[in-house]
Amino acid sequence: MPPEDSLLPEDVVRKVARLAKLAPSDAQIALYRRQLSDVLARMGALRSLDLSGVEPLAHVGDTRNRLREDVPGPTLPSDTVMALAPDRSPPFLKVPKVLGEGGGA
Amino acid sequence: MKTDQPATTMSTTTSVRRGELTCRQAVENAINAAHRHAPLNAFVELWEEPARRRADELDRLIASGATPPPLAGLVFGVKANICTTLGRTTCASRMLADYRSPFEATAVRRLREAGAIPIGSLNMDEFGMGSSGENSAHGPTLNPWDRTRVPGGSSSGGAAAVAAGILPLALGSDTGGSIRQPAAMCGVVGIKPTYGRVSRLGLVAYASSFDQIGPITPDVHSAAVALTHLCGFDPDDATSADLPVPDFTRDLLADPGPVRIAVPRQARLGSNHPDVSAAFDRSLDSLRQDGAQIVDVDMPMLDAAVNAYYIVATAEASSNLARYDGVRYGRRAPNAASLEEVYTRSRTEGFGPEVQRRIMLGTHVLSAGYADEFYLTALRARRVIKQEFDAAFAMGCRAVAMPTAPNPAFRLGEKAADPASMYLEDVYTVGVNLAGLPAISVPMGLSTSTGTALPLGLQLIGPAFEESAILNLAARFEARVGRWSPPA
């Protein structure tokens, strides 16, 4: 495990959690902070490689767009799909208010 | 070698065709074996009644004198991240604990249409994220060779069920080694096909540019049989390769002619377990005796494969798993007061710690200020890794050989607290996924220095869409060295 002063700052870990829509407890934040710092420190070894002039490779497959005829085909019945939702009022999915009482979200 | 070897696909389907075994008997055998081996925790659930109904249907068809479909009576298990309409598709996650897919994966459909019978959902590391089978909401799967040890992961249940003789075929998925590494640790065969060979429709996405479905089987021939039926173009998967599929069982043991096999210097890490190094050297001798020329090559970027893989795979995972929002399907946290709380509480309660760790890692490496340093650098390393494999093949090598894993199966809990050390177990498998190549793991012997016999795997990596070449080499290797089964 890396020493305390080389750890990812706690506010960075909290920001990452927020971006990922996760809300870990303080104890979990402390654990993830150590573990992520450890993994990132090892990954930092990539920086020592000379990769100048190499094009990034995001996908090994054929990256041409594959288009098909614009004709309607069968779809899943909406009842079937709707039945998967934790809360619903067909034909709508139900969620709590987007804006809270105080207007902040 | 023990005599209680699990039934292979060939022995099962041949027995059915000859009338020596009914499909119903094959199903009952598998169900009984699954119950007998329940402590392994290989299954999430069994689909007993649908399997019996399908078996009876096939038996009636056979009794009527009709030609049975080619895989009639072949019972198989389905990793819990591959959709079926027979039960739940949990991905071993609390997030999808009650999820029932409204559609079936193409891979499952293809096997079913060939007469194979799906029997149950197989345990795994949650969403495919793990190398030990321990990251499962259903609890860990145990290794049939030694129940104090992990079976490998993430296709933990499939490898364990095939090794224990419950199933002649399990469908797994391999994003960074998740078919090959558990196959190696359980002493069975696992093949990751070329990216694009098998449709990903119905495979729950972890890292879309790596994920591939493939078979785990008791022997190489069974893998060839399964692959012949699994592969093929699927217009509903935009990354599916529109290429002809050979009959992989043909010429399986044919003389391959002069063969060169590359061995990267980087596959002989000083950190390999000594039993792994010794078994690997013996395997190379065996390949030489079979006429192969072993060529030492240098693939320096392989040393960076684990780092590159865990950056790119977690980046893709952070995006793919954003879909679990507690709104359309999956778990919703009760009593959330706002939409924001629905998202965060559902995800925090629904995902296990390793999944949360990987989502956060992926979010971090893609975030402003870090994307260049991590993500783009990893994608550059990925290109060089692919070029290093291509260079070995351009030298006339038919395959690249490496151990499948640097260690035999480790103890449950041994690496659970240290993710970085767990990630290093994937050192020999992830490069293959970065390059999109096909690779097979075939048993190469036993490690005995730990006190229990633990199987080890030889990995043979081929050029894109050359599954035939590595199946041929693996089948010939298996014919020379034999197969091993866990103590009864």
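Predicted model: local features only at pLDDT ≥ 70, side-chain atom pairs only at ≥ 80, totals over all residues.
Local features need pLDDT of at least 70 and side-chain atom pairs count only at pLDDT 80 or more, while totals for chains, interfaces and linings use all residues. Residues are numbered from 1 along each chain as its sequence is written, and chains are lettered from A in the order in which they are written.

View 1. Leu86(B) is placed in the loop between β2 (75-79) and α4 (106-113) of chain B, where helices (H or I, at least four residues) and strands (E, at least two) are DSSP runs numbered from the N terminus. Because 23 other C-beta atoms lie within 10 Å, Leu86(B) is buried (20 or more other C-beta atoms within 10 Å of its own, with C-beta atoms placed from the backbone). Beyond its neighbours within four places in sequence, Leu86(B) is in contact with Trp47(B), Pro50(B) and Pro118(B) (contact: C-beta atoms, placed from the backbone, within 7 Å).

**View 2. Helix α2 of chain A against helix α9 of chain B.** The axes of α2 (residues 26-43) of chain A and α9 (residues 305-320) of chain B come within 9 Å and cross at roughly 125 degrees, the axes being lines fitted to C-alpha atoms over the stretch in contact and the angles running from 0 to 180 degrees between N-to-C directions. Val39(A), Arg42(A) and Met43(A) in α2(A) meet Asn307(B), Tyr310(B) and Ile311(B) in α9(B).

**View 3. The two domains of chain B.** An automatic or database domain assignment gives domain 1 (9-258) and domain 2 (303-376) in chain B. Their C-alpha centres lie 28 Å apart, and 20 residues of domain 1 are in contact with 17 residues of domain 2.

Technical notes. Buried ≥ 20, exposed ≤ 12 C-beta atoms within 10 Å, placed from the backbone. Contact = placed C-beta atoms within 7 Å.
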